[in-house]
Amino acid sequence: MFDLTIAGRLVLPGGVIADGWLAIADGKIAAIGEGTAPDATEAVAHPGAWILPGAIDGQTHAGSQIGFAGIGPTTAAACIGGVTTIVDMPYDDPDPITTGDLLAQKVTAIGELAHSNVALYGTVPVTPDPADIAALVAGGVCAFKISSFEAHPHRFPRIGSGAVLALFEALRDTGLPVGIHNEDQEVVRATEAAFRAAGRTRPEDHSPSRPPVAEMSATATFLELGAAQGGHAHIVHISIPEGFDLVAEHRARGERATAEMCLHYLLFDAAEDMPRLGAKMKVNPPIRAGLRDALWEVIETGRANFVSSDHSAWGLERKSSDNIFEVAAGMPGLETLLPGFFTEALRRTGDGDAAARLAAALLSEGPADFFGLSTKGRLAPGADADLAILAPEPFTYDCKANPDGPGWSAYDGMTFSVRPAATYVGGQLAYDGRAVTGLTAGTFARRTA
């Protein structure tokens, strides 16, 4: 007998089964079918709701403020949004994940605190040590992350081109991708200084102060460095269609080049939303004006490998200055990634099943393949029973409903076409549609492919 059966509209790689069921045993999907479900210790039905593979958010910052303790509230937010695995960035406070020892400490914290699964990025200091890189690979990181722009001299430094080449060389035989925060430091600092001098410090000045050429310059340099070493060069966020075109050109040359979209570029517009939201909408690279449709075309033409949130739950006090250059960049996004993407996909396609399939492809299958999480990202026998249930009913997002959240969000008050009704992690109910159940069911997700 199975442990659990769940019935609803199954979103499979090949299509949607309207009257489907899946059976779970020992935390895995044991069987999938149509019609009457088999006997199980527990049976759950969600008539009309879509049952998707749990979303995999490929870009979160759980520890940037409070260190490893951030894993708890961040993974709780993930479960609320139907995200069953986060891929966490390495820029923790006080020390970034640059050694095997620090990685082991973070893995221990995951075992103690995580409600969802957690995969991990590693990183390097300005002078990489091949032994430390090897230790991070052996410890199970799924990718490396660096930046061409210094956000913090210790936690988030600028990694120069020589060090980038050394990192790609050290990873040559591993197949692991290297992701980059793609802004040219010299361009951004010169432009920002000019804006400050001219007194242009309003929220509306943020986007033009970090012009598209800063992205294109950093992206082009990084792609060439990766190509020179035969490495896998990945751009973790691009705000303009031309950046995705550049990645596609390198891929067409036979290089391992990939690119990632963030949800906020698909839902917000700087001209429309920055006057209303102000510093709450500050992210880097910035949200641009008039590009949403063009960026959705990137999604629809397959030029983005997956979509992430770049979740960073700063306290609102870090967004309170009248000077846009003095506030922190970043916004919460885990709770809204899946319903927000689905809603806009539904608006564009007019077909709920098509929206569900696109969500599964870009939020589950794509990141699972990219990060080498071979047992996740798809509803299939033998896969981990990580599931998101989306009920087809209007849902107005209230950022204060999560007692452990930061209490603010640029998405606050948005109405989505679906509501996360339940989230299962390893076959266990982690979110019941009202609250996180409290189970610390998450595990460290090592790269397996």
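Predicted model: local features only at pLDDT ≥ 70, side-chain atom pairs only at ≥ 80, totals over all residues.

**Cysteines, then pocket and sheet**

Reply: What is the closest cysteine sulfur to the one in C399? That would be the sulfur of C79, but at 19 Å it's too far away for a bond. A disulfide needs the two sulfur atoms within 2.5 Å, and by this rule the count for the model is zero. C79 isn't in a disulfide either: its nearest cysteine sulfur belongs to C142, 18 Å away. C79 counts as buried too, because its relative accessibility is 0% and the cut-off for buried is under 20%.

Now for the largest pocket, with a volume of about 740 Å³. Its lining is made up of 29 residues, and the ones nearest the centre are A151, N284, W314, A328 and A329. Sort that lining by type and you get nine nonpolar, 10 polar and 10 charged residues.

Finally, have a look at the open sheet of seven strands, ordered β3-β2-β1-β4-β13-β16-β17 with mixed pairing. At its edges sit β3 (28–34) and β17 (428–431), each pairing on one side only. On average, neighbouring strands in this sheet are turned by 30° against each other, ignoring direction. Zoom in on β1 (residues 2–12) and β4 (residues 40–53): they run parallel and are joined by seven bridges. There you'll find L4 standing opposite E42 in β4.

Note on methods:
Residues numbered from 1 in each chain as written. Heavy atoms only, no water. Buried < 20%, exposed > 50% of the residue type's maximum accessible area, 1.4 Å probe, protein only. 1 Å grid on protein atoms, 1.4 Å probe; cavity = no way out; pocket = protein on both sides within 12 Å on 5 of 7 lines; lining within 4 Å. Points joined across faces, edges and corners; volume = space filled by probe spheres on them. Nonpolar A, V, L, I, M, F, W, Y, C, P; charged D, E, K, R; others polar. Pairing = 2+ DSSP bridges. Helix = DSSP H or I, 4+ residues; strand = E, 2+ residues; numbered from the N terminus. Axes fitted to C-alpha atoms, helices over the stretch in contact; angles between N-to-C directions.
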